[in-house]
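I opened this notebook to record what I looked up in one protein model. The entries begin with charged pairs and then turn to the wider fold.

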Amino acid sequence: MELTSSQPIPTTASPPMTRGLTEAEAVQRRAAGKGNNIRLETSRTYWQIIRDNIFTFLNMVLFSIGAVLVLLGLPTDAFLSVGIALLNVVVGVVQEFRAKRLLDKIALLTRPKATVLRDTVEKVVDPNQIVLGDWLIVHPGDQIVVDGRLVEGKVDVDESLLTGESDLIPKQVGDTLYSGSFVVNGSATFEAEKVGAESFANQLTASARTLKLVKTPLQMDVDMVVRLLVLLSVQLGILFGMAMIIDGVEATESARQAAVIVGLIPNGLFFMVTIAYAMGTVRMAGKGALIQQSNAVESMSNVNVLCLDKTGTLTANRIGLHQVQPFILSESEFRRVLGIYAHSGTTGNRTSEALALACPGESRPFVEEVPFSSARKWSALSFDQPDMQGVYVLGAPEMLRPYLNEQQADFGAEMSRWIEHGYRVLLLAQYPEVTPLHDSLGQPQLPPDLIPVGILSFSDELRAEAESTLKGFSEAGIRLKIISGDNPQTVLALAKQAGLRGDIKAVSGLDLEEMTEAQLGDVAEQSTIFGRITPQQKERLVDALKRRGHYVAMIGDGVNDVLSLKKAHIGIAMQSGTQAARGVADIILMNDSFGALPPAFREGQRIVSGMQDIMRLFLARVLFQTMIIVGAAIIGLAFPVSPVHQSLLSLLTVGIPTLFLAAWARPAIPRFRLLKSVMHFVIPAGFTLALLALVFYSTYILFPPPEIAADEVVSMARTVLNTLTVYGGLMLILFVEPQTPFWTGGDDLAGDTRPVVLTIIMGLTYAVILLVPGLREFFQLHVLRLVDYAAIAGALMLWGLLLRWMWRAKIFTRFLRLESSGY
């Protein structure tokens with residue numbers, strides 16, 4: 001929808017005589033259906049969770065094959081073929097329901113609020129309580145939650161969530177404010193003219209989120225693997241289908257083989273990603289971080305650069321006036337002027353609040369105002385009174401210096417000393433005559449030859465956890481970029497006080513203005529501190545780091561951070577930050593807990609580490625089963641796998657173990673892409689186990705024991721094959737999470753005994769199935785002799801030793817050149 005951003009809505013009604021509605025009028029209008037009846041979704045609905053877990057392509061294929069098996073009189077095969085998919089659905093739905101209930105409760109704390117005038121009194125309400133005709137008051141950082149016409153004041157708004165353009169749009173009385181935009185500068189009152197479904201309010205959350213629906217490297221890896229295996233299964237299905245037609249295979253066996261081939265697709269990988277995200281989201285909620293984008297926790301593992309503003313992160317955002325130094329007035333008179341200035345402005349921030357607290361004064365009527373802007377870094381008021389005459393400007397000395405009288409632009413050594421100690425320094429300057437503060441186009445302007453009145457410094461308290469948090473980032477392998485609107489030397493001093501070590505390079509935004517994109521990329525790469533940065537420069541710095549191949553996270557809390565929050569791979573906002581910042585963030589730090597970030601990074605690393613183990617087991621199972629099926633077909637042997645055996649193998653070696661491995665995963669810094677690390681494990685394990693299994697299967701088919709009847713040969717051979725692959729798959733769990741140095745080779749030492757216990761339990765479960773006649777018959781297994789068990793056990797021990805040697809010698813890794821591969 002095209003927006004005409006500065007065009008007022010035509011109206012023939014006369015201006016309202018009273019400001020806002022009464023409570024009685026609001027109740028009447030709501031009863032008449034004129035309320036802002038919207039539903040702000042905090043996450044997927046319960047129906048969406050059920051639908052997305054059940055109605056997947058692979059599940060539909062498996063359910064269809066299961067139905068065919070039932071029609072052919074094979075209910076056991078059907079149940080076990082579909083059983084894994086049903087288990088995935090049940091566990092996935094339960095986990096996501098649990099996560100949704102917790103997150104919906106927490107997300108209520110971050111929903112946008114609105115300030116309305118009811119009975120001429122300001123009242124903070126939920127957007128659902130707004131009705132047509134309400135007067136709403138907005139300040140910098142507030143979201144516009146309904147469409148309306150501006151009736152008092154003037155503001156600059158950002159409509160980028162609606163239009164994609166980040167330019168600020170000035171709004172004056174009569175102009176339209178659109179829901180989905182937010183106020184950057186100024187304060188205003190507007191009348192609600194479109195509410196509910198007629199406004200943009202229902203699109204606000206979607207607009208903020210759709211900009212960031214980007215797959216993470218893990219999701220891309222899983223997606224690629226599953227797509228490749230779908231192609232493989234389709235190819236195998238076509239080949240075996242043609243063979244069955246040529247050989248005249250009966251429909252029952254055809255359906256069984258189709259179920260096995262479809263079962264090769266590891267649809268459980270998508271399920272495990274969902275489970276990992278749900279568990280990570282719940283864990284992070286308990287540590288003070290609300291995950292608004294489900295894959296944001298895993299994305300944290302890929303972050304190698306973190307951009308942050310010192311305010312609210314390194315510091316507690318508790319600002320106090322430290323000291324003043326007047327140039328042309330006495331200190332008492334300087335403080336009087338500062339007090340009047342601080343109390344007279346219509347908009348404020350933490351700095352002006354600290355100034356008003358330290359310098360008492362009364363509000364005076366002014367001629368014109370330019371509110372503070374993070375892009376300009378100054379604010380201005382003009383007065384026409386005997387003791388407050390002319391234009392007064394308060395801002396960063398560097399930004400005001402071009403407007404100063406050259407003979408009075410030297411502030412002395414005191415400012416340098418304040419900056420070196422980490423104090424924020426502002427300059428108050430004056431022009432003795434009343435002059436326009438806006439040009440003919442309405443843009444702010446300053447008169448030349450401003451006279452410096454004095455400088456003042458502010459202190460900002462460091463967070464208690466700042467040093468330990470910075471240390472946590474360093475241990476996680478994450479480089480910091482501190483981007484601030486303050487003087488770079490002030491930020492540098494505070495960073496050192498917070499424990500930042502090493503050769504720290506600081507650069508000013510004034511120096512970045514003239515740089516090319518290539519030069520900016522070099523500076524972004526080499527520097528740590530960036531001061532006097534505008535919102536547009538923040539966005540450019542984040543973009544430059546991304547183009548250099550970094551995975552970038554950005555922390556922000558103000559409207560000046562929204563552009564960079566959207567540009568970063570991961571946007572992180574403070575709970576106390578503006579509604580606009582929270583609206584576009586992927587993660588919100590509850591209670592402004594900066595210390596929750598290192599655990600968030602470790603949680604992301606935990607997810608990737610767990611998925612690495614899970615993919616190893618899934619893909620190893622797929623590889624050796626595929627090779628066994630293809631190998632048996634090439635040799636000319638009977639189809640080696642039944643749906644029942646495949647389900648049992650998947651359940652014991654992959655289905656149940658991976659759930660626990662996801663919960664027990666350890667954080668680890670990723671050294672290379674996931675698939676590369678997985679291939680080092682999967683290829684040797686899959687090839688060698690498939691070769692061993694084919695030897696056993698062909699031996700039992702071609703040279704069966706003499707006491708076995710001819711019609712039982714295939715059944716016994718399949719049982720031997722399944723027993724060998726089940727226990728071989730269980731041994732892979734021990735190699736995936738080595739408890740002692742003996743098992744290392746496929747992965748680093750974990751030292752965790754829980755996977756060992758899990759492996760033993762799964763092994764005993766299969767042994768019980770083999771030994772109990774009823775269970776053995778249900779799973780279509782044949783009785784085996786002691787010599788069969790001994791042969792399987794001996795072969796697996798030799799296979800394990802050979803596999804460990806191949807991993808340690810990197811035989812397949814070197815042959816496939818995985819070490820030199822950039823993937």
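**Entry 1: salt bridges.** I counted 27 salt bridges in the structure, taking a salt bridge as a side-chain nitrogen of Lys or Arg within 4 Å of a carboxyl oxygen of Asp or Glu. The model is a predicted one, in which local features need pLDDT of at least 70 and side-chain atom pairs count only at pLDDT 80 or more, while totals for chains, interfaces and linings use all residues. Residues are numbered from 1 along each chain as its sequence is written, and side-chain values use heavy atoms, with hydrogens and water left out.

**Entry 2: R149 and its partners.** I looked up R149 and found a salt bridge with E191, whose closest N and O atoms are 3.3 Å apart. R149 lies in strand 4 (residues 147-158) and E191 in strand 7 (residues 182-194), so the pair ties together parts that are 42 residues apart in sequence. Helices (H or I, at least four residues) and strands (E, at least two) are DSSP runs, numbered from the N terminus. I also recorded a salt bridge between E193 and R149, at 3.2 Å from N to O. E193 lies in strand 7 and R149 in strand 4, so this pair ties together parts that are 44 residues apart in sequence.

Which of these residues are buried? Both R149 and E191 are, buried meaning under 20% relative accessible area, exposed over 50% and partly exposed in between (1.4 Å probe, protein chains only). R149 has a relative accessible area of 16%, whereas E193, at 24%, counts as partly exposed.

**Entry 3: E398 and R532.** I found the side chains of E398 and R532 meeting in a salt bridge of 3.0 Å, N to O. E398 lies in helix 13 (residues 397-400) and R532 in the loop between strand 18 (529-531) and helix 19 (535-547), so the pair ties together parts that are 134 residues apart in sequence. R532 counts as buried at 6% relative accessibility. I then noted one network, in which salt bridges that share partners join E333, R336, E362, R364 and D387.

**Entry 4: E369.** I turned to E369, which lies in strand 11 (residues 368-370).

**Entry 5: helix 12.** I examined helix 12 (residues 350-358), where T351, A354, L355 and A356 are buried. The elements that cover these buried residues include strand 10 (315-326), helix 11 (331-344) and strand 13 (388-395).

**Entry 6: the whole protein.** I recorded 29 helices and 21 strands. Buried residues make up 57% of the 823 residues. Among contacts with a separation of 6 or more, 73% are between residues 24 or more positions apart. I found zero disulfides, a disulfide being a pair of cysteine sulfur atoms within 2.5 Å.

Conventions: Contact = heavy atoms within 4.5 Å.
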